[in-house]
Amino acid sequence: MRNETELRENERIDDLQRNGYKIIQNKNGFCFGMDAVLLSGFARVKPGEQVLDLGTGTGIIPILLEAKYEGKHYTGLEIQTEMAEMAARSVALNKLEEKISIVEGDIKKAGDIFGLSVFDVVTSNPPYMNHAHGLKNPDMPKAIARHEVMCTLEDVVREAARLLRPGGRFYLVHRPHRLIEIITALTSHRLEPKRMKMVHPYAEKEANMVLIEAVRGGKSMIKVEAPVVVYEKPGVYTKEIYDIYGY
């Protein structure tokens with residue numbers, strides 16, 4: 001049966017293997033990666049909660065969270081017009097308009113856009129690289145997704161703290177080499193790290209991602225969970241990754 005969703009140049013529809021959901025991506029643009037999938041597996045949403053994803057890109061995290069949890073509503077904030085529009089078409093493709101909203105806007109002004117203390121959960125898969133970490137990608141959409149061009153780690157953490165209700169939870173995926181900076185930023189905005197999980201590409205390789213849950217106004221205590229190993233061998237995911245994907 002022909003899909004009636006209009007695709008633009010270089011776009012494709014990918015099957016998310018959950019609830020029959022699909023997502024539109026531009027094969028020449030920034031496509032979601034393992035970090036977004038892992039964050040959706042690490043985050044927790046309780047029934048009736050309001051959720052916001054900062055820098056939602058393709059809309060992958062709200063869509064995966066909606067497939068997994070009974071949250072009341074999911075919102076994705078994205079600064080790039082074309083990316084926000086594509087994410088909104090993916091929401092429509094899955095007939096999720098009543099559960100997921102895509103908003104075009106700047107992370108640095110998120111508290112002004114939505115109001116203060118209005119979300120139970122905030123997630124973010126932000127740009128990892130600052131000015132000290134390599135050349136910016138010459139392709140602007142990819143550069144914005146990977147480098148701190150439009151917002152910094154400080155911007156993301158500050159706005160998450162403003163947006164969360166007291167006791168609300170912030171879920172972040174980032175790079176281990178910036179862990180001290182991440183924890184310092186979190187605690188300076190009264191977001192107390194409560195759970196942390198390292199991600200290793202292979203069992204014998206060092207971690208290349210870190211997942212963190214922080215609670216607004218939480219008490220000082222962190223649980224370091226067992227690490228995630230992504231690949232059993234080249235091209236073969238571990239059982240935990242297959243579980244996260246829903247296979």
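Buried means under 20% relative accessible area, exposed means over 50%, and partly exposed lies in between (1.4 Å probe, protein chains only). The model is predicted: local features need pLDDT of at least 70, side-chain atom pairs count only at pLDDT 80 or more, and totals for chains, interfaces and linings use all residues. Residues are numbered from 1 along each chain as its sequence is written, and side-chain values use heavy atoms, with hydrogens and water left out.

**Exercise 1. Confidence**

Task: What pLDDT does the protein average, and where is the pLDDT below 50?

Solution: pLDDT is the predictor's confidence in each residue, from 0 to 100. The protein averages 89, and 88% of the residues score at least 70. Over residues 132-137 the value is below 50; this stretch has eleven contacts (heavy atoms within 4.5 Å) beyond near neighbours in sequence. Residues 142-149 are also below 50, with 33 such contacts in the model.

**Exercise 2. Tyrosine rings**

Task: How are the rings of Tyr-231 and Tyr-237 arranged?

Solution: Start with the rule. Rings of Phe, Tyr and Trp (its six-membered ring) pair if their centres lie within 6.5 Å; planes under 30 degrees apart count as stacked, over 60 as edge-to-face and the rest as tilted. The whole structure holds five aromatic pairs. In one of them, Tyr-231 and Tyr-237 are stacked, at 5.2 Å centre to centre and 25° between the planes. Next, widen the view: ring pairs link Tyr-202, Tyr-231, Tyr-237 and Tyr-242 into a cluster. Finally, check accessibility: Tyr-231 has a relative accessible area of 28%, so it is partly exposed.

**Exercise 3. Glu-11**

Task: Is Glu-11 buried or exposed, and which side chain makes a polar contact with its side chain?

Solution: First, locate it. Glu-11 lies in strand E1, residues 11-15. Helices (H or I, at least four residues) and strands (E, at least two) are DSSP runs, numbered from the N terminus. Its relative accessible area is 13%, so Glu-11 is buried. Now take polar contacts: pairs of N or O atoms within 3.5 Å, where, within protein, one must be able to donate a hydrogen and the other to accept it, and residues adjacent in sequence count only if both atoms are side-chain atoms. The side chain of Glu-11 makes such a contact with the side chain of Arg-89, at 2.6 Å. A polar atom of the Glu-11 side chain also lies 2.8 Å from the backbone nitrogen of Arg-8.

**Exercise 4. Strand E9**

Task: Which strands are joined to E9, and by how many bridges?

Solution: Two strands pair if DSSP finds at least two bridges between them. Strand E7 (residues 164-174) is joined to E9 by six bridges, and the two run antiparallel. Here Arg-169 has Val-215 in E9 as its bridge partner. Strand E8 (residues 191-200) is joined to E9 by eight bridges, again antiparallel. Met-196 stands opposite Ile-212 in E9. Why is E9 largely enclosed by the rest of the structure? Seven of its eight residues are buried, so E9 is largely enclosed.
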